[in-house]
Amino acid sequence: MLRTLFYVVTFVPWTLFIILTGLPASFVSADFLHSYARLWAKVSLWLAGVKLVVEGRENLPLEGAVVYMPNHQSNFDILALLAGVPGQFRWLAKEELFHIPLFGLTMRRAGYISVDRSNRKKSVESMRRAIERIARGTSVVIFPEGTRSPDGHLKEFKAGSFTLAIQAQVPIVPVAITGSRDVMPKHSRWIRGGRVTVTILPPVPTAGLEVKERKALMRDVRMPIEALVEKTVQS
């Protein structure tokens with residue numbers, strides 16, 4: 001309880017400070033703002049008593065855009081990815097987040113990509129814009145489960161993110177996050193601290209694939225993530 005109270009009391013003003021000082025930085029470049037947000041994530045993890053470990057950096061492609069696909073167990077996954085995944089990337093996030101005062105503006109200034117799921121037409125248009133951004137060289141992060149797992153087990157993957165990667169013809173980099181559920185599981189209000197490991201796995205190519213082959217692609221991406229995540233859940 002004391003850790004949670006300390007986190008709330010310190011996280012809110014720290015986040016507000018980053019937003020207010022980061023917005024002017026966005027006029028330098030969106031890349032600069034993204035890098036500044038990485039500082040926010042690292043300090044936020046420290047405030048929560050989280051030790052971050054990143055493995056598999058050698059698996060990152062040296063050039064070109066990729067689609068990062070991590071599992072999702074906790075709100076702390078976002079901080080862990082932002083702090084742990086090197087280089088520039090953008091979040092693919094639901095439209096509602098962009099309507100939060102100041103926070104939403106900061107996301108837009110950083111070049112993050114909104115996805116409007118209010119109806120099929122808007123969703124298709126959002127994905128089309130995302131494909132264009134990726135094809136022009138912007139790496140993105142997508143949670144293929146769509147939401148956090150309540151029990152730690154890997155949920156069913158949504159097909160749309162794989163269609164996006166195939167149409168953009170960029171590799172998918174699977175990412176396994178373990179330990180974040182122990183810090184703060186879904187539906188919990190308490191923060192326990194601990195160790196979070198982000199494991200970057202070898203990329204899965206999409207070059208030459210067609211949308212009709214996405215089921216095999218989903219399996220190839222899911223298997224290495226599941227192997228690490230399920231081992232942790234069972235232990």
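## Basis

Helices are DSSP runs of H or I with at least four residues, numbered from the N terminus. The model described here is predicted.

## Salt bridges

The count comes to 7 salt bridges. In one of them, arginine 128 and glutamate 132 meet through their side chains, 2.4 Å from N to O. These two residues are 4 apart in helix 5, and so are separated by about one helical turn. Arginine 128 is partly exposed at 38% relative accessible area, and glutamate 132 is partly exposed at 35%. A network of salt bridges links Glu125, Arg128, Arg129 and Glu132.

Arginine 90 pairs with aspartate 31 in a salt bridge, with the closest N and O atoms 2.6 Å apart. Because arginine 90 lies in strand 3 and aspartate 31 in helix 2, the pair ties together parts that are 59 residues apart in sequence. Arginine 90 is buried at 5% relative accessibility, whereas aspartate 31 is partly exposed at 40%.

## Helix 2 and helix 3

The axes of helix 2 (residues 30-47) and helix 3 (residues 76-84) come within 8 Å and cross at roughly 125 degrees. The two helices are therefore oblique to each other. The crossing is left-handed. Residues making the contact include His34, Trp40 and Leu45 of helix 2 and Phe76, Leu79 and Leu82 of helix 3. The contact residues divide into 9 nonpolar, 2 polar and 2 charged.

## Threonine 138

Threonine 138 lies in the loop between helix 5 and strand 5. This residue is buried, with a relative accessible area of 18%. Leaving aside residues up to four places away in sequence, threonine 138 touches Ala65, Arg90 and Arg133.

Note on methods
Residues numbered from 1 in each chain as written. Predicted model: local features only at pLDDT ≥ 70, side-chain atom pairs only at ≥ 80, totals over all residues. Heavy atoms only, no water. Axes fitted to C-alpha atoms, helices over the stretch in contact; angles between N-to-C directions. Parallel < 35°, antiparallel > 145°, perpendicular 65-115°, else oblique. Left-handed = near helix turned anticlockwise from the far one by under 90°. Contact = heavy atoms within 4.5 Å. Nonpolar A, V, L, I, M, F, W, Y, C, P; charged D, E, K, R; others polar. Buried < 20%, exposed > 50% of the residue type's maximum accessible area, 1.4 Å probe, protein only. Salt bridge = Lys/Arg side-chain N within 4 Å of Asp/Glu carboxyl O.
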